[in-house]
Each structure stands twice: as structure tokens, then as C-alpha cells.
Amino acid sequence: MQAKKRYFILLSAGSCLALLFYFGGLQFRASRSRGRREEYNGRNGLHHPSPDHFWPRFPDALRPFVPWEQLENEDSSAHISHRQKRDANSSIYKGKKCRMESCFDFALCKKNGFKVYVYPQQKGEKIAESYRNILAAIEGSRFYTSDPSQACLFVLSLDTLDRDQLSPQYVHNLRSKVQSLHLWNSGRNHLIFNLYSGTWPDYTEDVGFDIGQAMLAKASISTENFRPNFDVSLPLFSKDHPRTGGERGFLKFNTIPPLRKYMLVFKGKRYLTGIGSDTRNALYHVHNGEDVVLLTTCKHGKDWQKHKDSRCDRDNTEYEKYDYREMLHNATFCLVPRGRRLGSFRFLEALQAACVPVMLSNGWELPFSEVINWNQAAVIGDERLLLQIPSTIRSIHQDKILALRQQTQFLWEAYFSSVEKIVLTTLEIIQDRIFKHISRNSLIWNKHPGGLFVLPQYSSYLGDFPYYYANLGLKPPSKFTAVIHAVTPLVSQSQPVLKLLVAAAKSQYCAQIIVLWNCDKPLPAKHRWPATAVPVIVIEGESKVMSSRFLPYDNIVTDAVLSLDEDTVLSTTEVDFAFTVWQSFPERIVGYPARSHFWDNSKERWGYTSKWTNDYSMVLTGAAIYHKYYHYLYTHYLPASLKSMVDQLANCEDILMNFLVSAVTKLPPIKVTQKKQYKETMMGQTSRASRWADPDHFAQRQSCMNTFASWFGYMPLIHSQMRLDPVLFKDQVSILRKKYRDIERL
């Protein structure tokens, strides 16, 4: 027992000595370290009072604001590996912490708004067709400026789209070329477009030069390298992607139920080894050859036979049996697995075909993810759960499938059908970041007509636009403003313009009348205008040009505008009926005189006709009602070249307005009760100023049609055979039962 006590005492004493030496050594090293710091501070003239009291020391003291580059090169460099140090010097990691607040100069955008400058092309520099299309889209937009002193954003003329060193489109020595630009300024306020980066075998996201503080508009960008609210994720598009316009989506009508021949399809390359091979190599496990058809081929590349595996021949045979376009048109879901890079051409192909994309590309930042809610148009899968994909999509209800398919068509036509739309969407997203107080919300971006046609400078309230009354639970406006375009002098009290003014003023829905005086003669005296129950405002047209009739005048206080030519003949009853129809279709043009377009095969151009047929595609603004927002859109969205053409010809402004509204709504205008005397009245005018008496009038309108279609990149006008008449119109019943009885007496 005594021996055990002695052992216990010795063990305790030894433990105490060990602890004493341990803490004593720590204190000795700490005091020696403090001594060295005090000696260093003394040599450098820095004197700190000796701490008589031991205040707590916090490991992470607050640091003042410093540039991100300085932060990256400070103490943290001592705690990273050599590989991380090498990556830190790579262009994809420099400026990784950049955000709009730290790497963008907002002051450049305050004076002139959001203007974009494109560097002049340097002699001898090759530019791929895709990048030419991007630059052309910018230069043709309302954001473009040729003066760098007015610019808010700068875009390189050096081709940065393809940074794969094995590509023939690769531009060498880009690092030095970019650094030599006198406006580069470390990339601040610059935007760099890129579709391909890295090369075999790892396909990194390195663009091959130091982008500094520039923003990246990049395809196949990973969530890891994507800088939120700074970079923009682009879709991967081919060199054949149209510059403007683009084809419409394949969904022509809604089929109920929305199921097609195939439930899930894919047809594409299979990579036997390397990055991107895992998912595509496993697709055969899901393929059943019936409603799930997933086809791959390893028959690509020069030496594919050297590396082919036991499945290659069988896969190649199966691959050749199916036509890809036939599969797209007859599939409900389309698989979009990653390739060598995260993005894939299959993504846009599926959107256009109304085939719901099933994404299998872990870590891919989806295109325009900042503004587009992809859960409304796609199924986001996981590469690791490939075998669960069939059961997952089979569980989606038919109502949801129909909604997904409809949203794919909206997104395709709004943002992806052309290079121009992709570029403009990119610029609009950046503009929203700069001017946050008027930025578009998620509803605008994800609902028809989309963010490109809803200009936030017009209003920040959705109720001021003609597209969101139902979403906000609002009724369309109950009053309109009549705008009469006057071009002939007022010489008689029996002129049609005065009769028209009185008829419009008697309408129960009329709030005011504006006479736009575009005549060369001085304004008539106030007493020359008839007395009415509503205010009559006479304003002189700006520069006396045709486009001035569509300026967004502050005098127009109502959302609805009744646009009238001075020689239009309308009764009060007709005005009332047209307005009640417009209240049901506030986003469209509703009116009386209709015209149509057609394709002339012999001349291979668009034609214009005023013949009375069973269909129409335009309602002329000489007697039409529409939302006043289209005045703002006409003035600020359309290019100056088209408006100048209209002004020089003093013609075609009504055609251009129809082009614009149909391009926005993707719908035809609405014609109300046939009124044949409108045409007869127009042709019967004897005034020298009457446009209808001009023999060149019709030929000019033919030319306008083709010029407008060229700018839009497609023909936006849509034919319709619908005409809306009052209830009981022409029915053999008592006239007392009819609300708009006067229309039948015309």
C-alpha cells in the first residue's frame, strides 16, 4: 500500500514539472517575440506604451477598406499552397472578389446615362463572324455611342469569344494588346464577351489574359467562378445563330394533354475519357428505346477508332437510326448534359423546340440566371442522380408540363432567338445594376413581353404598362385622350377635322382632346375651335414631322390614346364601341381601317395591300386606340434611322407603329365593325396635303415594309381574320335591344 502511494506522489510531481516547463516555455517565447517587435519598432521610430494591463487580443481586427487586389496579396498568401498561388495569378482568379460596388465606376454613367462604346477595329486583327454580330448588335442599339467620353461601358473590338488555344479563331498576344489600350484602366467599366475558354484536357475557364476589373459575359461559366451581380452568364450559341430576328419557337398551338411521342430524348457525342465523359458514358443505363431515347456516338475526332470501347459500334448503329429534328419536335423533355465544358448547344435547341430542358451539368451558372427564373422553364437535375431522372419527370403533372413548355417559348423568343437579343439582354441586366432605383423586377423579366420591351425609364409602377392589369388585379382605364393629327389649314367651319373633334368630345369615355398642329400655317385663333364639354388642347408639332404624332407628350394624361387623322369620319357611337373593345385588349391596337401584307414571290420581297379581303395584319393609326406607352416605345426604342425615313417620306408612321406593337405582343391588331366609307372618304379628299392623293404614296409604303422588316430581322406582322362587332349587330331583332344601334345606320 505504501509503495502505491509513493508511485502516485512521484507521478503527480512529474506531471506538475512537465506542465510548469510547458507554460514557462510558452511565456518565454512570447516575451522574446514581444522583445523583437519592440526592438523593430524602436528602429523604425514606432513607440507603443508597454502594456501594464493585459487587454484581450482579438485575432481578426477590423481592417480599413482597401482594393481587392491588395487584400489578395497580403498575409493570406502565406497560408496557401504553391498551386493556389499559381492559380491566384491566373486571369480567372484575379479580381474574383470584384463586385459593382468595388470594381465599377458609377460616376461615368451619371451624366449621359447608360452608353456603350466599342473600340475601333485595329488593322490586321481578325474577327470571327459571331463576334462581328455581337459588335453590330451593340452599334445598332440605342445604347451605342461613338464618343468614349460619353461612355459608361466599354467593349473591346479584339475578338475574345474563342480562347481555346487549339482553335483557328484564337487571337494571339491578346494580353499585350489589351494592356496597350489607352482606355483600358485595368479593365474597369469594361465588358468582355467569351464563349470558349481553356483547352484540352482540362478545359479551364481561363481566358488567357488578365481581365483585371472587367466584367465577363461568358458561356459555360461555373457557379464557383461566377461573380454574382457582376458577371453575366451567356448561353452557348453556334456561329450560325441569326444576328437579328431569329426563328420563332416550334410550339404553334397548345396540345392537351401536352405529352408527345417521346418522354425524354438526347442525341450527341460520347466522350470515352476525360472531363465531361462520366455523365454521357452512363446514359445507356437510362435508354429504353421506347419513350426514353438517349443516343450517343463515339464517332468523332480523327482517331476515335483507336480509343473506342466495346459499346461504340452498337451505339453508333443505334445513333444513325433516329433523326435529331424529328426527335426534338416529338419529345416532351430534352436531356441537356454537360460536354467538355458546362454549356451545350442542346440548351437553346431544346428551348426553341418547346422541349423542356432537363439540365445535367452540376455547377453551371445558367444563362441570365440573375433575372430568369429557370424553375419555370426547365428541370434542374443532378449528374450524380442520373438513374432517377426518368421517374422524376414522369411524376410531373400535365398542367406543369404545359406551363414549362409555354415558358420555354417565351424565353426563347424574348431573350435567345438571335445574337442581338442575347447582347441586348446582357446590356439591360448591367443597366439595371447601375440604376437600381428603376430596375426591372422578376415579374417583368419572366412574363410576356419580357424585359427588353418594358423600359423602366418610363415608369417604375407596373400598372402604367398595358401588360400587367390582370396580375395587379386592376381594370383597364375608363377614359381616353383623343389626339387629332392636323396638317391642313383651318379655313372653314365645315371641315372634317371640326366635325371629328365634336364627335370625339361627345363620347362618354373622352377625357380630353389634343390637336397636334403639324401644318405650316400659324395656329388658328382659339375662338375658331368649337366649344366642347371636354378640354381641347392645341399643341404645335415638333419640327412638323410625322414622327411627332407619336411623341410621349406630357399633356396626355390618360393611358388610352385615340389616334385620329384630321380627315377621319367617325361617329360618337363608333368611338364608344371601339374603346370598350380596347378595354378588353389593352396591349393591342384596336381600330377601324385595316390593311394587310403579303410575300411577293416574283419580286422576293414583302408587299402591302389595301384591298378588302378576309384577313388583315395592320390597323392604321388614323382611327385606332392603343396604350400611350407605345408613344414612349416608338420614341425611345426604335432607331433614329427608321424614324428619319418616316419623316423624310411623310409616310409609313402607321405601318411602323403596327410593326412595333406586333413585335412586342406577338399578336395581331383587332379590327372593329367594318366601315367601308373610311376608304372612300380618304380617296375622295381633294386637299393638296392629303397623303392619299399622292401617286407615290403606295410605292413608298411598299418600300417601308421591307426596310422595317430588315431592321426587325423578321416579319413581326401577324394575319388575323377576327372582326369584333357589337352584340346583335345586323341581327333581325328590335333596334331598341341594341346598345350601339347607330352603327347600323351608317
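In this predicted model, helices α19 and α21 are roughly perpendicular to each other, because their axes cross at roughly 105° and angles from 65 to 115 degrees count as roughly perpendicular. Among the spaces, a search of the whole structure finds six cavities of 30 Å³ or more, and the largest pocket holds about 1400 Å³.

**Helix α19 against helix α21**

- Helix α19 covers residues 629-636 and helix α21 covers residues 653-665, and their axes come within 11 Å.
- On the α19 side the contact is formed by Tyr 630, His 631, Leu 633 and Tyr 634, which meet Glu 653, Leu 656, Met 657, Leu 660, Val 661, Val 664 and Thr 665 of α21.
- Sorted by class, the residues of this contact between α19 and α21 comprise eight nonpolar, two polar and one charged.

- From α13, the residues Glu 413, Ala 414, Tyr 415 and Phe 416 take part in the contact, while α14 contributes Lys 421, Ile 422 and Thr 425.
- The contact of α13 with α14 has four nonpolar residues, one polar residue and two charged residues.
- Helix α5, residues 129-139, packs with α14, residues 419-434, at an angle of about 60°, and the axes of α5 and α14 are 9 Å apart.
- The helices α5 and α14 are therefore oblique to each other, and their crossing is right-handed.
- Asn 133, Ile 134, Ala 137 and Ile 138 are the residues of α5 that meet α14, where their counterparts are Val 419, Glu 420, Val 423 and Leu 427.
- In the contact of α5 with α14, six residues are nonpolar, one is polar and one is charged.

**The largest pocket**

- The space in the largest pocket amounts to about 1400 Å³, and of the 42 residues that line this pocket, Tyr 203, Lys 269, Tyr 271, Arg 340 and Arg 341 are the closest to its centre.
- At least two residues of the lining are supplied by each of α5, β8 (262-269) and α8 (304-307), so that helix α5, which also packs with α14, has a part in this pocket as well.
- By class, the lining of the largest pocket divides into 17 nonpolar, 13 polar and 12 charged residues.

**The second largest cavity**

- The volume of the second largest cavity is about 50 Å³.
- Its lining is made up of Gly 245, Gly 246, Glu 247, Arg 248, Glu 413, Ser 417, Lys 421, Lys 666 and Tyr 714.

**Backbone details in loops**

- Most residues other than glycine have a negative phi, and most peptide bonds are trans.
- The peptide bond from Trp 200 to Pro 201 is cis, with omega near 10°, and Pro 201 lies in the loop between β5 (196-197) and β6 (215-219).
- His 448 and Pro 449 are likewise joined by a cis peptide bond, for which omega is about 10°; Pro 449 has its place in the loop between α15 (442-446) and α16 (469-472).
- Asn 173 is not a glycine, yet its phi is positive, at about 55°, and this residue is found in the loop between β3 (162-163) and α6 (174-179).

Technical notes: Residues are numbered from 1 along each chain as its sequence is written. This is a predicted model: local features need pLDDT of at least 70, side-chain atom pairs count only at pLDDT 80 or more; totals for chains, interfaces and linings use all residues. Side-chain values use heavy atoms; hydrogens and water are left out. Axes are lines fitted to C-alpha atoms, for helices over the stretch in contact, and angles run from 0 to 180 degrees between N-to-C directions. Helices (H or I, at least four residues) and strands (E, at least two) are DSSP runs, numbered from the N terminus. Angles under 35 degrees count as roughly parallel, over 145 as roughly antiparallel, 65 to 115 as roughly perpendicular and the rest as oblique. A crossing is left-handed if the near helix is turned anticlockwise from the far one by less than a right angle, and right-handed if clockwise. Contact means heavy atoms within 4.5 Å. Ala, Val, Leu, Ile, Met, Phe, Trp, Tyr, Cys and Pro count as nonpolar, Asp, Glu, Lys and Arg as charged, and the others, Gly among them, as polar. On a 1 Å grid over the protein atoms alone, a cavity is a set of points where a 1.4 Å probe fits but cannot get out, and a pocket is an open set with protein on both sides within 12 Å along at least five of seven lines; lining residues have an atom within 4 Å of a point. Grid points are joined across faces, edges and corners, and a volume is the space filled by probe spheres set on the points.
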